[in-house]
Amino acid sequence: PDREAVLGTMRGIDLLALIVANDDVWSLTANHGPPRLSRLGRLAEIKDRVDRFRGHPATDIKLAAELGALLVPDKFFRETREVLHVLVDGQLAGLPVAALRRDGIPLIAMRPIVRVLRLPETRCAHVTRSGAATVLAGPDTPDAKLPNAPAEADQIAGLLHTASKTGAAATRDALFAAASDGVLHVAAHGRIGMYGAALVLADGEVSALEISARQRAPSLVVLSACNGASSNESDFELAGSLVSGFLGAGSQHVVATLLSVS
């Protein structure tokens, strides 16, 4: 990134970067001002807690509070519509920052969060979308069934006052036709391959890289799919995840899981 652009952007945003160097964990923070670097502790001690927390981000409230107090400055736990930009080093990959808590309240309940892949050179831009919504339920595959996906799609479509597209109608064209929509909900198989993550639709897979290359995406994307926020083991920054694909194409918010969905 351009150094001057990054420093200029830091003066106008909230930023939390968790960095590992020489077996220590450091935080680089900015709060509408110059960046500040602070040592948080030894990697071995913190990573053990992070690994335990990844398995129970919604239920281990005590650990969520402990890690929240350690990793996130008090000034970032506040009710606001301002985005918190979060960058997490590969050795702490998968840390669910959104689930960290203060006074029992998850960070994501207080403010929007954007996971960035490097220090940002620009602020998040507000993009206007249509009020339309698209709901897709992908097909069964030879090795796995999706018995509840059509019912889920119909229920969500009813809430969004639209018609769902299921089975053979859940195609690549249907996915990309939603690029200007306000909401896209996809209940489908998600796969992790050599080149990152992909959604399995009726007429083939759609990779995260193909999604990001489109440079246009719905404002809100909900992925009811396995590993929607994950990538392959060598991709520590999750650049090949479906979440990164949609965010890279222009989505403002993406809801997905780091794990498989039974």
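**Salt bridges and cores in a predicted model**

A salt bridge here is a side-chain nitrogen of Lys or Arg within 4 Å of a carboxyl oxygen of Asp or Glu. This is a predicted model, where local features need pLDDT of at least 70 and side-chain atom pairs count only at pLDDT 80 or more, while totals for chains, interfaces and linings use all residues. Residues are numbered from 1 along each chain as its sequence is written, and side-chain values use heavy atoms, with hydrogens and water left out.

The structure holds 12 salt bridges. Glu 210 also pairs with Arg 172, at 2.5 Å from N to O. Arg 172 sits in helix α5 (residues 172-177) and Glu 210 in helix α6 (residues 208-213), so this bridge ties together parts 38 residues apart in sequence. Helices are DSSP runs (H or I, at least four residues), as are strands (E, at least two), numbered from the N terminus.

How exposed is Glu 210? It counts as partly exposed, at 23% relative accessibility. Buried means under 20% relative accessible area, exposed over 50%, and partly exposed in between, with a 1.4 Å probe and protein chains only.

Now the inside. The largest nonpolar core has 27 residues, and Phe 53, Leu 71 and Leu 92 have the most contacts inside it. Such a core is a set of buried Ala, Val, Leu, Ile, Met, Phe, Trp, Tyr and Cys residues joined through side-chain atoms within 4.5 Å. β1 (14-21), α2 (43-55), α3 (61-71) and β4 (84-88) each supply at least two of its residues. Apart from it lies another core of 25 residues, including Leu 175 and Phe 176.
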